[in-house]
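Visitor: I would like a guided look at this structure. Please take it one question at a time.

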Amino acid sequence: MDTKKIKLPHGIPGHNLGQIEREVPADEPPAWPVNDELKHVGKRVKRTDAEAKVTGAAKFTSDIQLPGMLYGRMLRSDYPHAKIRSIDMSAAEKHPGVYAVHIFKNVVGMAQPADDDAAGEYPDIKFAGQPIAGVAALTTEIAEEALDLIKVDYEYLPFVVDLEEAQKPEAPLVFTTNVEQDDAGGGGGGDTGLKTVGNVRGPSTSSFYGGPRGDLEKGFEEADTILEQTYRTQVQTHCSLETHGVVVDWKPDNVTIYASTQNTKNVRDEFAEVFDLPKSQVRVIQEYMGGGFGAKHSLGNFGVMAGYLAKKSGRPIKLMLDRREEHISSGNRPNSIHYLKIGARKDGKLTAIQQRSYGTAGVGLGAGVGRIAQIMYESPNFSTEQYDVFTHAGPGAAWRAPGNVQGCYGLEQAMDELAEKLNLDPIALRDVTDTSEIRKVERHRGAETFKWSRRKLPASDPGLIKKGLGMAQSHWPRIVHIDSTAEVRAFRDGAVEIRSAVQDIGTGTKTVLSQVVAEELGLKPEDITVRIGDTLFPDGPPSGGSIVTGSITPPARNAAYKLKLQLFDQVASKLETDASKLAVDDGQIMSTEDPSKKIAFKEALKEMRTGQISATASRSDDYGGFMVGNAIAYGGLGSVQFAEVSVDTETGFVKVEKIVAVHSCGRPINITQIENQINGGVIQGLGYALYEDRVMDNETGHQMNSNFDQYKMPLSLEIPDIEILIVEDYSGRSSTDAYGIGEPANIATAAAVANAVYNAIGTRIFEIPITPEKVLRALNKV
Amino acid sequence: MNKFSWYNAKSVEEALQEVNATVSEALSPKSPEAPAVFKSGGVDLLDLMKEGLVKPHKIININQIEGLDKITYDKKDGLRMGANATLAQIEAHPQIKETYLALHQAVAHAGTPQLRTMASLGGNLAQRTRCWYFRSIHHECLRKGSGTCFARDGENEYHAIMKNGACASVHASSVATALLAFDARVEIQNSKGKKNEVNLADFFVAPGDDSSRENILEADELITAVMVPPTSSKMRSYYMKQGARESYDWALADVAVVAEMSGTTCKKASVALGAAAPVPLLSKPAAQALEGKILDEATASSTAEAAMKGATPLAKNGYKVPLFKSIIKRTILAIA
Ligand SMILES: Cc1cc2nc3c(=O)[nH]c(=O)nc-3n(C[C@H](O)[C@H](O)[C@H](O)COP(=O)(O)OP(=O)(O)OC[C@H]3O[C@@H](n4cnc5c(N)ncnc54)[C@H](O)[C@@H]3O)c2cc1C
C-alpha cells in the first residue's frame with residue numbers, strides 16, 4: 001500500500017497541544033487543523049431534523065401505516081417458571097378479525113443451553129413475561145381479545161427472582177446445563193465456555209484488556225492501607241420513549257422492515273437468518289427513532305413474531321411493545337454485588353486491586369461490572385472474578401456503558417473512601433494513581449468551575465439539611481467498527497448526498513455527517529442531504545458503545561474527499577489549471593495559485609459529464625494502527641463529574657443541586673449535540689443514583705412497577721443545574737479524529753452523587769438507589 | 001382495553017338512571033354482567049381499564065352535566081364545590097387560597113398541571129388505591145376478592161404504616177387529607193332523587209369493615225358536591241406533602257393541620273394524615289397534643305410523636321414514621 005506522512009494535531013489545547021507525524025495510506029485526505037480553524041466542525045450546528053421532530057413531520061416506526069396492515073400482539077407467560085404441556089390456539093384463530101396466529105418454537109434474547117438436548121415441543125417458561133405465541137388482527141384491541149382466548153396448560157415449577165436467594169444451594173434452577181448467549185448484555189462476565197454451578201456461572205477472569213496481572217498477595221503485603229468494601233446496584237430497566245417494535249412488510253421478492261433499532265445491519269442479518277432469506281432481500285429502514293440505550297440492537301422476539309405473522313397472513317404487520325412489556329422483557333441493566341479490595345501506599349500509589357462481583361441478568365448473561373477497575377488506575381497487581389447469577393426474571397441487555405456504570409459506582413466510592421483513609425483530597429489521590437492526561441486536565445478544570453475547594457469535612461454542614469460535594473471519574477474505550485462505509489454522491493442539479501445504513505438514534509448522527517461532508521466540500525451543512533438508516537445503502541456501524549461518530553465520520557470525510565477529487569478532475573481543464581492545484585471554500589472551487597480561476601461548486605456540478613458522481617469509503621484501522629481484535633482501539637475517553645447535593649437528614653431526601661460534567665470525545669464535532677448527550681447521560685445517572693429500581697415480588701415473581709407511574713425516573717423538577725465542559729483531545733488517529741460521547745456521559749454520575757451524599761452526612765450508603773429509606777437507615781433513624 | 005359504549009349524561013338524574021355499578025363493584029366478583037359506570041375526568045377509570053382490571057360495557061360520562069362543576073363561597077355558609085369541579089379550578093380559586101390554604105396547597109401539589117386539569121373532585125375522592133398489587137392483573141388481592149394481602153409481607157415500601165392489619169394499601173387521595181382536616185362533608189344523591197350528607201370521615205370505608213370498597217358509595221349514588229364549613233379569622237391551616245419526586249407523584253406522606261388560635265396558643269386543632277393508612281386519617285392524639293399548647297418546636301415534636309405512637313410499620317416502610325414526624329413538625333411550625 002502506498003503511504004504518505006502527515007502531521008496531525010495532537011494533545012489538549014491549552015495544555016499540551018502539539019503535532020504528531022503519522023504514516024497513513026496515500027489516499028487519505030490532508031490533516032484537519034484544530035476546531036478553531038474549521039468552519040462547521042466543532043460548532044453549534046442546528047439539528048438537520050429539528051423542525052421535522054418538533055412539528056411531528058418526522059415519522060417514527062410507531063407512526064408507520066401501510067395499506068392492509070395488521071396489528072400483532074404477543075401472549076406472555078403470567079408465571080415465572082413452568083413447562084407448557086399444551087397450547088390451544090383454536091378459539092383465538094377463529095376470533096373475528098384475526099388473520100394469523102403463531103406459536104414460538106424458540107425464544108431469542110436469553111441464554112441458551114450449550115447443547116440443545118431435551119428441548120420439548122414448546123420452550124420452557126423461565127420468566128414472567130416470556131413470550132409464548134402471537135396473533136395478528138385488524139386492530140390491537142381485537143388482537144388482545146384473541147390473546148385472552150389462547151389456552152395454555154402449564155405445569156408450574158418453583159422459581160427464584162432474588163439475586164442472593166438464587167445463589168443458595170436449594171434455589172430452584174433456571175438452567176440445568178451450561179449456557180451461552182451470543183448477544184449478551186456486554187457488561188462483562190458473559191464470556192463463552194464458562195461453567196454453571198447451581199444458578200451461578202463463571203467466574204470470568206479476563207477481558208479484552210487482558211487477564212489478571214502481577215501477584216495480588218504481594219501487592220497487598222506492600223500496601224500501607226487496605227480498603228475492603230461491598231457495593232450494590234439495582235436493576236434498571238430501559239425507558240426509551242418509543243418502545244421496541246417493527247413493521248414487517250413481506251413482499252414476494254423483498255421484505256421491508258421498519259424498525260426502532262440502533263442497528264439496521266444486525267436486524268437485517270438476523271431476519272435473513274431466521275427466515276432463511278438472502279440478506280439482499282431484506283431491507284431495514286429506521287428513519288427516526290424514539291430513543292435506544294442498548295437494548296435495541298436485535299430483531300427481538302417481537303421482530304421474529306412479526307415476521308411469522310406477516311408471512312402467514314400475507315399482510316404487513318405492525319408489532320410494537322407496550323410499556324409493561326418494555327419493562328419486563330426487553331432488557332435491563334443487571335444489578336450487582338460488587339466486592340472490592342484495594343491496597344495503597346501512603347503516597348496514594350495503588351499496590352493491588354481485587355474484584356469479585358455477582359449480578360443477575362435474569363435469564364441472560366453479561367452481568368459483570370465492566371472493565372473499569374481493571375483499566376482506570378495504575379495498579380501492578382489485579383484480579384477479577386465476575387459471576388453471572390441466573391434468576392427467573394427478564395433478560396439483561398446492553399444499557400448505556402454496560403457494566404461500567406455498575407463498576408464505577410463501586411470503584412469510585414472505594415477511591416473516595418481510600419482518599420479519606422490516606423488523608424488525601426480525592427483529586428490529589430487520583431493525580432497520583434491515574435496516568436490519564438485527559439482526566440488530569442478534566443479534574444482540574446472541573447474543580448475550578450465547580451469550586452471544589454469549598455468542600456468541607458464530612459457532615460460538617462450545620463443544620464438539618466446538609467450540603468455535600470463529591471466527584472467521580474470514568475473511562476470508556478475508544479471503540480471503532482471497521483465495517484463502516486459511507487457513500488457521497490453529487491448530482492447535476494446541485495444536490496449533494498451522503499448515504500449509509502448507519503442510523504441516527506437521536507444523538508444527531510445526521511447532523512454530524514452533514515457537517516463533516518460540508519467541511520470537506522466547502523459547502524454548508526444545510527447543503528448536504530443525509531440519507532441514512534436504510535440497509536439499501538452501504539453498511540454502517542451499530543449505534544452502541546459510542547462508536548458511531550468515530551467509525552462513520554472518517555469514511556464520510558474520505559468519501560467526500562474522493563468525490564471532490566473527481567470533481568476537480570472534471571473542472572481542471574476548464575479552469576486552465578492542474579487538478580492538484582484546486583481547493584474548495586465557501587461554495588467555490590478555486591485555484592490555490594490564482595484565486596481568479598474559480599467556479600461555484602454548484603456550477604461545476606451542472607457541467608458534469610454524467611448525471612451524478614459518487615465516491616465510497618470505508619473505515620480502516622486507526623492511523624498508527626491502534627486496532628485490537630476487530631473493533632477496539634485502546635486508550636480511553638475520560639470523564640470527570642462533580643456533584644453538589646443537599647440531604648434532608650429528617651426526611652432522608654436527597655436533592656442534587658448541581659452537576660459539573662467534564663468530558664472528552666476526541667475532536668468534538670457538534671457542541672450542542674454533545675451537550676445534549678451529556679445532559680441525558682447525567683439525568684439517567686441521577687435516575688440510577690436516586691430513583692430507578694425494578695421492584696420484583698419474591699412471592700409471585702412479577703415486576704411490581706412495570707409502568708412510568710411506579711418505576712420512578714427523574715422528572716423536570718428533579719433535574720439540577722448541569723454545567724458542561726468539553727475538552728478537545730486530539731490524538732491524530734483518523735481523518736476526523738472524532739469519538740463518541742453517549743456512553744461516557746452516563747458512567748460517573750451515580751458515584752459522584754453517592755460521594756457527595758457521604759460528604760453531606762458522614763455516613764456512606766453502599767447501595768443505590770439512595771432512597772429516603774436508605775438515608776434514614778444510614779442515619780439510624782429507622 | 002375492552003370495547004364499551006358511551007353515554008353523555010345531561011343531568012344527575014339521567015346519570016343515575018343509567019348506572020348499575022360502582023367501579024369497585026365492576027372490578028369485583030360481584031360485578032353485574034354488563035357494568036355501566038360513571039366517568040368524570042376519567043383519570044382513574046382509564047388507568048384501571050388499561051390495566052384490564054375493570055371492563056365496563058357502558059361509560060356514563062358525567063363530565064358535561066351542567067352546573068356540577070360550580071364552586072361557590074360564602075363567608076357565612078362556607079365553601080361548596082360541585083363534584084365535577086376540577087383540581088385546577090379549585091387551585092385557581094382565589095378565596096380558597098385565602099381562606100382554606102391547606103386545601104389550596106393539597107390540590108396544588110396533586111399530580112401535575114395536566115392531571116389537575118382533567119381530575120375532578122368527585123373522582124378524586126372515589127378513585128381507587130394505587131397499591132401495586134391491587135393495580136396488577138396478576139395479583140388477586142384481598143381487595144379484589146381473595147383472602148391475601150400481598151403487600152403485608154411483600155413489597156411494601158409505599159404502603160400503610162397504620163391500621164394496616166388487614167390490607168396495607170393507602171388511600172390515593174391527598175386532596176382528602178386537607179378536606180378531612182377542614183371537616184368537609186360530602187353531598188350524595190341517589191336514584192330516587194334523595195340527597196344525603198355525610199362527614200368526609202364517614203365517607204371512607206376501612207378494609208377491616210369491607211375490603212372490596214374504599215368508600216360508602218352505592219351503585220345508584222352520585223357525589224354532587226363537597227362542602228367545607230366556614231372558617232373564622234382565628235383559624236390557620238397548612239399542608240405538606242412528600243412524594244418520591246417533586247411532581248407527578250403520589251404522597252409517601254402528607255399532612256394537613258387546621259388550628260384555631262388564640263394568640264400563639266392553639267385552642268382547637270385537627271391533624272389529618274394521608275398515605276398513612278388505608279383511609280385518610282384524622283389523628284386524635286395529634287390534635288390533643290396541640291390543643292391548649294403554644295405552637296413551638298417542642299409542641300410540634302410532641303405532636304409528631306403522638307401522631308406516630310400507634311404506627312405499625314411493615315418490613316420496608318419503617319422510614320415513613322420519621323418522615324411523617326418530620327413533616328408533621330414542619331407543618332405545625334409553618335402555622336405558628
Ligand atoms: C400520575 C398521577 C399522579 C397523581 N397524583 C395525585 C396526588 O398527588 N394526589 C391526589 O389526590 N391525586 C393524585 N392523582 C389522582 C387523580 O387526582 C385522580 O385520579 C383524579 O382526581 C380522578 O378524578 P377523575 O375526574 O379523573 O375521576 P374518574 O377517573 O372519572 O373517576 C374516578 C372514580 O370516581 C367515580 N366517580 C367520578 N365522579 C363521581 C361522582 N361525582 N360521584 C360518584 N362517583 C364518581 C368513577 O366512577 C370512578 O370510579 C394522580 C393521578 C396520576 C395519574
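**A walk through the model**

Guide: Take contacts in chain B between residues at least 6 apart in sequence: 64% of them join residues at least 24 apart. Two residues are in contact if their C-beta atoms, placed from the backbone, lie within 7 Å. This is a predicted model: local features need pLDDT of at least 70, side-chain atom pairs count only at pLDDT 80 or more, and totals for chains, interfaces and linings use all residues. Residues are numbered from 1 along each chain as its sequence is written, while chains are lettered from A and ligands numbered from 1 in the order in which they are written.

Visitor: What radius of gyration does chain B have?

Guide: The radius is taken over C-alpha atoms, and the globule rule is 2.2 Å times the number of residues to the power 0.38. For 336 residues, a compact globule would come out near 20 Å. Chain B agrees with that, at 19 Å.

Visitor: What percentage of the residues of chain B count as buried?

Guide: A residue is buried if 20 or more other C-beta atoms lie within 10 Å of its own, exposed if 12 or fewer, and partly exposed in between; C-beta atoms are placed from the backbone. Chain B has 336 residues.

Visitor: Which helix or strand gives the largest share of the shell around the ligand?

Guide: Helices (H or I, at least four residues) and strands (E, at least two) are DSSP runs, numbered from the N terminus. In chain B, β2 (36–39), α3 (43–50), α7 (113–118), α8 (121–126) and β8 (221–228) each supply at least two shell residues. The largest share is four residues, and it comes from α8(B).

Visitor: Which residues come nearest to the ligand?

Guide: A residue is near a molecule or strand if its C-beta atom, placed from the backbone, lies within 6 Å of it. Residues from chains A and B surround the ligand, so the site is shared between chains. Of the 34 residues around the ligand, the nearest are Gly41(B), Ala119(B), Gly122(B), Gly123(B) and Ala126(B).

Visitor: How many residues of each class does the shell around the ligand have?

Guide: Ala, Val, Leu, Ile, Met, Phe, Trp, Tyr, Cys and Pro count as nonpolar, Asp, Glu, Lys and Arg as charged, and the others, Gly among them, as polar. The shell has 20 nonpolar, eleven polar and three charged residues.

Visitor: Between which domains of chain B does the shell lie?

Guide: Domain bounds come from an automatic or database domain assignment. Two domains of chain B both give residues to the shell, so it lies between them. They are domain 1 (5–64) and domain 2 (235–335).

Visitor: How many residues does the contact take from chain A and from chain B?

Guide: The contact takes 24 residues from chain A and 22 residues from chain B. On the chain A side, helix α17 (residues 772–778) gives the most, with four residues. By class, that side has eight nonpolar, six polar and ten charged residues.

Visitor: Which residues have the most contacts inside the largest nonpolar core?

Guide: A nonpolar core is a set of buried Ala, Val, Leu, Ile, Met, Phe, Trp, Tyr and Cys residues joined through C-beta atoms within 7 Å. The largest has 239 residues. A second, separate core of 75 residues includes Ala133(A), Val135(A), Val152(A) and Val284(A). In the largest core, the residues with the most contacts are Val753(A) and Val757(A).

Visitor: Where does the cis peptide bond of Pro769(A) place that residue?

Guide: The cis bond joins Ile768(A) and Pro769(A), with omega about 0°. Another joins Gly202(A) and Pro203(A), with omega about 5°. Pro203(A) lies in strand β11 (residues 200–204) of chain A. Pro769(A) is found in the loop between α16 (749–761) and α17 of chain A.

Visitor: Is Ser546(A) buried or exposed?

Guide: Phi of Ser546(A) is near 55°, a positive value in a residue other than glycine. Ser546(A) sits in the loop between β25 (528–532) and α13 (548–572) of chain A. With 26 other C-beta atoms within 10 Å, Ser546(A) is buried.
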